[in-house]
Amino acid sequence: MTRKKWITLGVGAVVIALFAAILLTTFNFNQEREEIFEDYTNQDIEEDIIFHNSSDLSENEIRSLTEEKRTSLKNLLENAQYYIVSEINSSYTQEDDETLMAIPESFLTELSAILTSDLYETYRSEMEEITVDQDITNINEPVYVVRKDIFDEASYNSAAAFYDVNEEQLILESATNEKITAIEHIKLCDENNPDNCTRDTKYRLILEKENEEWKIAEFENQII
C-alpha cells in the first residue's frame with residue numbers, strides 16, 4: 001500500500017474517532033438531563049412585593065404605626081368584656097344568652113378610636129341599647145345587646161386574628177399621607193416541623209387618615 005493511501009486511511013480513522021466522541025458526549029449529556037426531575041409543584045413561589053412610599057413617614061415609622069393599630073384591635077377583641085344579657089335585664093332569658101351578649105359603651109369607645117367611622121358603623125348598626133335592671137348597681141354606663149358571634153369572623157379570619165395563629169408577617173405595599181395598604185400573612189404551623197402548616201392565609205390591612213388620626217379601614221378581606 002502506498003504512503004498516500006496510508007495517510008488517507010489515517011485521516012479517515014481520526015475523523016471517525018472524533019465524530020464518535022462527539023456523539024458519545026452528546027448522548028451522555030442528554031442522558032444526565034433526563035435523569036433530573038425538577039418538581040416545582042410544592043414550592044411556594046411568591047413575587048417580591050416592592051413597597052411604594054410617597055408619604056412623609058419613613059418605612060420604619062409606617063411599619064410601627066400599622067402594627068400598633070393592628071395590635072390594638074387584636075388586643076381589644078381578644079380581651080373584650082361582656083355581660084350575660086339575662087343577668088342585667090330580666091326581659092331576656094337564659095335561652096337568649098346562647099345567641100346574645102351585652103357589651104359596655106367603654107368597649108365601643110375604644111373600638112371607634114381604632115376603626116374608621118364607616119367600618120365602625122358596620123358593627124355599631126347591629127347593636128341596640130338596653131336598660132339595665134334597677135337592682136344592678138355596678139354598671140354605670142350604657143350597655144348594648146348584640147349577637148354573640150359578631151366578632152367571631154374578626155377573631156378567626158382577619159388581619160387581627162388571634163385564634164389558630166402562631167406565625168405572623170406584616171408586608172407593606174404602599175403608603176401616602178392619607179392611606180396605608182399592607183398584607184398580614186398568617187400561618188398555623190407545627191412547632192416541631194415549621195414546613196407543616198395547617199393554615200396559610202393573607203388578609204388585606206388598610207389604614208386611612210380620618211380627622212388627622214390613622215385608623216383601620218379594612219382588615220377582614222382575605223386575599224385569594
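Asp164 is found in the loop between helix 7 and strand 5 (167-175); helices (H or I, at least four residues) and strands (E, at least two) are DSSP runs, numbered from the N terminus. The model is predicted, so local features need pLDDT of at least 70 and side-chain atom pairs count only at pLDDT 80 or more, while totals for chains, interfaces and linings use all residues. Residues are numbered from 1 along each chain as its sequence is written, and side-chain values use heavy atoms, with hydrogens and water left out.

Asp164 has a positive phi of about 55°, although it is not a glycine. With a relative accessible area of 45%, Asp164 is partly exposed; buried means under 20% relative accessible area, exposed over 50%, and partly exposed in between (1.4 Å probe, protein chains only). Another residue other than glycine with a positive phi is Glu212, where the value is near 70°. Glu212 lies in the loop between strand 7 (197-210) and strand 8 (213-223). Its relative accessible area is 65%, so Glu212 is exposed.

Helix 7 covers residues 152-156 and contains Ser155. Ser155 counts as buried because its relative accessibility is 6%. Not counting residues up to four places away in sequence, Ser155 touches Ala161, Phe162 and Tyr163, where contact means heavy atoms within 4.5 Å.

Three strands form an open sheet in the order 2-4-3, and the pairing is antiparallel; two strands pair if DSSP finds at least two bridges between them. Strands of a sheet pair through backbone hydrogen bonds, either parallel or antiparallel. Strand 2 (100-104) and strand 3 (128-130) stand at the edges, each with a single partner strand, so one side of each has no neighbour in the sheet. Neighbouring strands of this sheet are turned by 45° against each other on average, direction ignored. Axes are lines fitted to C-alpha atoms, for helices over the stretch in contact, and angles run from 0 to 180 degrees between N-to-C directions.

Strand 2 and strand 4 pair in the antiparallel sense over 5 bridges. Leu100 stands opposite Arg147 in strand 4. Helix 5 (residues 105-114) packs on the sheet and touches strand 2 and strand 4. The direction of helix 5 makes about 75° with that of strand 2.

Strand 4 (residues 143-147) also holds Val146. Val146 is buried, since its relative accessible area is 1%. Leaving out residues up to four places away in sequence, the contacts of Val146 include Leu100, Ile103 and Met127.

What joins the nonpolar residues? A nonpolar core is a set of buried Ala, Val, Leu, Ile, Met, Phe, Trp, Tyr and Cys residues joined through side-chain atoms within 4.5 Å. Of the 38 residues in the largest nonpolar core, Leu115 and Phe219 touch the most other members. Helix 2 (residues 59-78) gives the largest share of this core, 5 residues. A second, separate core of 8 residues includes Val85, Ile88, Val143 and Val145.

The structure holds 1 disulfide, defined as a pair of cysteine sulfur atoms within 2.5 Å. Cys189 and Cys197 form this disulfide, with their sulfur atoms 2.0 Å apart. The torsion about the S-S bond of Cys189 and Cys197 is about 90°, so the disulfide is right-handed. Cys189 is buried at a relative accessible area of 8%, whereas Cys197 counts as partly exposed at 28%.
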